[in-house]
Amino acid sequence: MISKKMENMVANSSAIRAMFEEGNRLAKIYGPENVFDSSLANPKLPAPASVKKAIIGLLDEEDPVVLHGYTNSNAGYEDVRQAVAESLNSRFGTAFAAKNITMTVGAAGGLNVILKALMNPGDEVIVFAPYFGEYRSYVSNYDGVIVEISPNTADFQPKLDEFEAKITPKTRAVIVNTPNNPTGVVYSEDTIKKMAAVMDKKQKEFGTDIYLISDEPYRELAYDGVEVPYLTKYYNNTVVGYSYSKSLSLPGERIGYLVIPDEAADSENLISAANVATRILGFVNAPTLQQKVVKACLNEKTDISFYDRNRETLYNGLRELGFECIKPEGAFYLFVKSPVADEKAFCAEAKKYNILVVPGSSFGCPGYVRIAYCVSYETIVNSLPKFAELAREYK
Ligand code: PLP
């Protein structure tokens with residue numbers, strides 16, 4: 001018998017993964033070019049050429065015992081962490097040192113590390129719907145309780161009144177994700193300042209430390225010059241989780257980092273706890289080769305035009321067909337209102353046209369569906385006539 005906890009997790013296991021597997025099945029029957037699989041966000045934009053060059057260079061020049069070995073400290077290589085800190089300082093005017101950086105196994109690894117370091121059973125973690133559904137599993141991993149703030153479907157900025165009302169003495173952390181999966185919304189500086197003020201007020205009221213965890217795999221993916229505020233500058237108890245999965249198109253390599261600033265409450269202990277957590281969670285620290293790769297590619301820029309072209313074409317195409325959605329400012333998702341209240345029925349209907357989209361209920365926001373446009377431009381173009389047929393059914 002598997003554990004009760006796993007029983008629940010298996011039952012609720014990610015709808016996105018299930019869709020992805022369905023996409024593979026359909027692709028085998030109809031050919032990949034005839035299936036619009038926008039379920040799992042595996043970027044179709046290849047990693048920059050400099051990544052391949054860095055890997056080959058490292059394989060040629062580095063000691064293989066080091067390169068394929070365990071990393072030399074739990075937090076990762078000092079020179080890599082120093083380079084990451086300097087890169088952040090030059091871009092955001094921060095003052096991080098190597099000790100503030102812990103290299104992680106992607107954003108998912110980083111989130112699990114910080115939650116493991118922070119949480120006691122029964123602690124609450126606040127999330128703003130719609131949110132990345134895996135947060136539910138991550139919080140449950142440490143016997144925490146997820147507290148949802150209901151979605152603000154007008155513009156998908158967080159509802160701050162409800163947020164304030166739902167902070168309790170048990171609130172240990174708040175997770176924000178901007179640019180957001182699944183809406184593509186970037187939280188404005190004004191929103192962040194107000195959110196920080198609410199959290200400061202509640203910390204004083206309850207005499208607790210409430211950590212803001214900024215989950216940032218899409219930081220580099222912002223369009224039209226939109227600024228993505230760097231959250232450590234607005235609230236002291238901020239921990240940043242970053243990932244190269246999307247910015248360098250390396251989701252399979254599992255590399256990212258956590259930033260735990262000196263200003264965060266109990267920062268030294270938190271850094272030590274994170275460094276131990278990254279060893280004991282089962283993945284045993286960030287992979288050595290990939291740490292060295294990202295150090296070599298720190299100044300690399302994502303080809304944002306690849307996603308932007310998809311964004312414009314899909315957004316305009318779907319709007320012309322009568323679908324309702326807000327224009328994303330970042331990430332690579334459109335969050336589209338389902339033409340019928342039961343969005344799962346709409347997803348099932350879309351599948352008949354080989355269009356795989358994810359129900360909003362997976363993100364705590366029923367009545368909407370998520371379309372990932374990190375696919376090839378041809379796929380976007382080929383999908384529009386199919387979306388047109390689908391739309392006709394709801395006219
Ligand atoms: N957080 C969000 C909001 C995501 O969308 C994803 C992946 O899609 C992750 C975390 C996990 O990313 P990683 O591949 O870095 O673990």
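Buried, in my notes, means under 20% relative accessible area, with exposed over 50% and partly exposed in between (1.4 Å probe, protein chains only).

**Before starting.** I am looking at a predicted model, where local features need pLDDT of at least 70, side-chain atom pairs count only at pLDDT 80 or more, and totals for chains, interfaces and linings use all residues. Residues are numbered from 1 along each chain as its sequence is written, and side-chain values use heavy atoms, leaving out hydrogens and water.

**Burial and surface.** I looked up burial: 55% of the chain's 395 residues count as buried. The accessible surface comes to about 16900 Å², and 51% of that belongs to carbon and sulfur atoms. These areas come from the Shrake-Rupley method with a 1.4 Å probe, and for residues only the protein chains shown count as cover.

**Fold.** I found 15 helices and 12 strands in the chain; these are DSSP runs, with helices (H or I) of at least four residues and strands (E) of at least two, numbered from the N terminus. The chain is as compact as a globular protein of 395 residues, because its radius of gyration is 21 Å, close to the 21 Å from the globule rule. That radius is taken over C-alpha atoms, and the rule is 2.2 Å times the number of residues to the power 0.38.

**Domains.** Contact (heavy atoms within 4.5 Å) links 31 residues of domain 1 with 41 residues of domain 2.
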